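Hello,

I am handing over the structure below, with the sequence alongside. My notes on what was found in it follow.

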Amino acid sequence: MIVASNLMRGAAVTADGRTLPLAILIILRFLNKPNLIFQRNYFFMLLLKNGTIHSMAGEAFTGDILIKDGKIHSLGKNLSAKGAEEIDLSGKLVFPGFIDAHCHIGMWEDGMGEEGSDGNEMTDPITPQLRAIDGLNPFDPCFKEAREAGVTTAVTGPGSANVIGGQFAAMKTCGRSVEEMILKDPIAMKAATGENPKTVYAEKKVTPTTRMAIASLFRETLTDAQEYQKDLNSKSEDKKPDRDIAMEALLPVLNRELTMKIHAHRADDILTGLRLAKEFNIKVTIDHCTEGYMITDVLKERLEAQGAGIIIGPLLSERSKIELKNLTFKAPRILDEAGIEFAMMTDHPVIPIQFLPVQAGLAVREGLSEETALKSITINAAKIVGIADRVGSLEAGKDADVAVFDAHPFDYRAHCVMTLINGRIVHDAIRTEA
């Protein structure tokens, strides 16, 4: 592992005292080949100097960030570190890497059509055993577009064709393999209410074709999982069940160890999701929550009672189905005024993931505060999906995921000029243009 570097000497010092040439790593960096950089566990000690730092853990200030071994070591003014590579960010704005709290990047590959469509297994409405990491292509070019826009973490997984669709994963947006990119897997179990499961299975003329059947299947499946758990814990060997990986996948949900991510647009579907969560005492997020702004009083009460969160969006999209008839960019402001915290999503590829900050900026235009909009794609997103111990803010000990802009990211003319993931520079428009 490299613990220090000195470009003037053209060498890097490893933990065991060896000296290695930096030329190849520098060439790869300037060729913008971050996936190749990830091929070695080389960590530079970096000192980002003189940027305007929006840490999302306090007031913005002009200062420095020291990065060591892939983590944020310290933040402050006039920092120094012997052997660190210094990068001057004067005039630049520095943010935590952005987080898309709900998308399908890598599951519906860009420009691939049906061949690249691996997010919905539309043969059975109950598929909790499916895992996003088994269908995700880490070489989808959209990962590159994500990190070039400052998006460093994507929570991605199955679509909403099924009542219970499978397991989401939180991924960093750079790496040569799924295993290198995983931040947390699984991070959630996907479920869906409303129009999507109805439409898919009505065409097949099998259940569920109504909202009643969707709730019933959800309830039946979790009840089966409860019985499976009881039998597993039985002292009688005669009652021990045969292994069932679908039931196994639901046990962390029942034990409140894994969040259920419930797709719901309409107000009644949102409340159905929360009612089912209460019935089984499970942790949930309500994802999309399109009409949540219409029921803020009851929504806030039930979210607090259940310890649930909401992830809103996509907002920058057409009203492509009946459930979206009340879609509005005013929703984030109304939710915020009601005291309801939220994250914002792109639902990529519905909105290309690189437009996550654009969507947040448009919510600001409709009255949402700039600070709340930033939180919805950084620290609040991290808290709601359960990864705030690693990402979401610039604080000592957290992953060194950093996005550097030449103007405020809510300005449509702004460019992300540098991105770091785990302390590595994976996008650099500052020095490649120099």
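Strand S9 is mostly covered, with 6 of its 6 residues buried. Please keep in mind that this is a predicted model.

**The sheet**

S9 pairs with strand S10 (residues 151-156) in the parallel sense, over 4 bridges. Within that pairing, phenylalanine 98 has valine 151 in S10 as its bridge partner, and cysteine 103 stands opposite threonine 156 in S10. To get from S9 to S10 the chain passes through helix H3 (residues 142-148), and this β-α-β crossover is right-handed.

S9 and S10 belong to an open sheet of 8 strands, in the order S9-S10-S11-S12-S13-S14-S15-S16. The pairing in this sheet is mixed. Which strands stand at the edges? They are S9 (98-103) and S16 (342-344); each has a single partner strand, so one side of each is left without a neighbour in the sheet. On average, neighbouring strands of the sheet are turned by 25° against each other, direction ignored.

**Helix H8**

Helix H8 (residues 267-280) has 14 residues, which at 1.5 Å a residue should span 20 Å; its end C-alpha atoms are 20 Å apart, so the two values agree. H8 is mostly covered, with 10 of its 14 residues buried. Among the buried residues are Asp269, Thr272 and Gly273, along with Ile270, Leu271, Leu274, Leu276 and Phe280.

**Salt bridges**

The count of salt bridges comes to 23.

Glutamate 85 and arginine 431 meet through their side chains in a salt bridge, at 2.8 Å from N to O. This pair links distant parts of the chain, 346 residues apart: glutamate 85 lies in strand S7 (residues 85-88), and arginine 431 in the segment after strand S19 (424-428). Is glutamate 85 buried or exposed? Glutamate 85 counts as buried, because its relative accessibility is 4% and the cut-off is under 20%.

Glutamate 180 and arginine 176 form another salt bridge, at 2.7 Å from N to O. Glutamate 180 counts as partly exposed at 29% relative accessibility, and arginine 176 is partly exposed with a relative accessible area of 31%.

A further salt bridge joins the side chains of arginine 333 and glutamate 337, at 3.3 Å from N to O. These two residues are 4 apart in helix H10 (residues 331-337), so about one helical turn separates arginine 333 from glutamate 337. Arginine 333 is partly exposed, with a relative accessible area of 21%, whereas glutamate 337 counts as exposed at 58% relative accessibility.

The network is made by salt bridges that share partners, which join Lys71, Lys172, Arg390, Asp399 and Asp401.

Regards

Conventions
Residues numbered from 1 in each chain as written. Predicted model: local features only at pLDDT ≥ 70, side-chain atom pairs only at ≥ 80, totals over all residues. Heavy atoms only, no water. Pairing = 2+ DSSP bridges. Axes fitted to C-alpha atoms, helices over the stretch in contact; angles between N-to-C directions. Buried < 20%, exposed > 50% of the residue type's maximum accessible area, 1.4 Å probe, protein only. Right-handed = clockwise from strand over helix to strand, strands pointing away. Expected span 1.5 Å × (residues − 1). Salt bridge = Lys/Arg side-chain N within 4 Å of Asp/Glu carboxyl O.
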